[in-house]
Amino acid sequence: LADKVRIFQRLRAVEGEDAPLAHQLASRLQRADDRDPEGAEIELDRILAQLPAGGERQILSLWLSGLSLAAIAEELELTPEAVRKRWQRIRESIRDRLLEEAA
């Protein structure tokens with residue numbers, strides 16, 4: 001429960017170029033949670049499962065936990081540039097899937 005609350009707080013607090021995606025994710029997770037007490041967790045698991053196994057899932061999980069891309073790079077022992085590029089692809093992938101499902 002605490003993790004879910006933190007994730008919702010994180011998504012609602014995001015600013016800048018990540019804000020549109022964060023707000024879409026927050027809305028989607030909230031709708032899922034309104035339907036089922038474990039809906040947000042199920043939906044988040046589904047989103048993570050759509051990403052390639054490994055680093056991309058870990059990057060999204062760490063980002064949702066509130067880490068900056070620089071901190072994620074340090075945690076994963078990658079360069080900040082590599083994490084930024086991977087994050088860009090993750091963000092585009094999630095956005096595209098959300099748009100497809102909304103259509």
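**Stop one: an arginine in α6**

Start by selecting R91, which sits in helix α6. Keep in mind as you click around that this is a predicted model. Is R91 buried or exposed? With a relative accessible area of 13%, R91 is buried, because anything under 20% gets that label.

Now show the side chain of D18 as well. The side chains of R91 and D18 are joined by a polar contact of 2.6 Å.

**Stop two: where α5 meets α6**

Stay with α6, residues 80–102, and bring up α5, residues 69–76. These two helices pack with their axes 8 Å apart, at an angle of about 115 degrees. That makes α5 roughly perpendicular to α6, since the range for that label runs from 65 to 115 degrees. The crossing of α5 and α6 is right-handed.

Which residues make the contact? On the α5 side, pick L69, I72 and A73; on the α6 side, pick P80, V83, R84 and W87. Colour them by class and you get six nonpolar residues, no polar ones and one charged.

**Stop three: a glutamate in α3**

Finally, jump to E43, found in helix α3, which spans residues 39–49. E43 counts as buried, because its relative accessibility is 10%. To see what surrounds E43, select R28, L29 and A32: these are its contacts once neighbours within four places in sequence are left aside.

Note on methods
Residues are numbered from 1 along each chain as its sequence is written. This is a predicted model: local features need pLDDT of at least 70, side-chain atom pairs count only at pLDDT 80 or more; totals for chains, interfaces and linings use all residues. Side-chain values use heavy atoms; hydrogens and water are left out. Axes are lines fitted to C-alpha atoms, for helices over the stretch in contact, and angles run from 0 to 180 degrees between N-to-C directions. Helices (H or I, at least four residues) and strands (E, at least two) are DSSP runs, numbered from the N terminus. Angles under 35 degrees count as roughly parallel, over 145 as roughly antiparallel, 65 to 115 as roughly perpendicular and the rest as oblique. A crossing is left-handed if the near helix is turned anticlockwise from the far one by less than a right angle, and right-handed if clockwise. Contact means heavy atoms within 4.5 Å. Ala, Val, Leu, Ile, Met, Phe, Trp, Tyr, Cys and Pro count as nonpolar, Asp, Glu, Lys and Arg as charged, and the others, Gly among them, as polar. Buried means under 20% relative accessible area, exposed over 50%, partly exposed in between (1.4 Å probe, protein chains only). A polar contact is a pair of N or O atoms within 3.5 Å; within protein, one must be able to donate a hydrogen and the other to accept it, and residues adjacent in sequence count only if both atoms are side-chain atoms.
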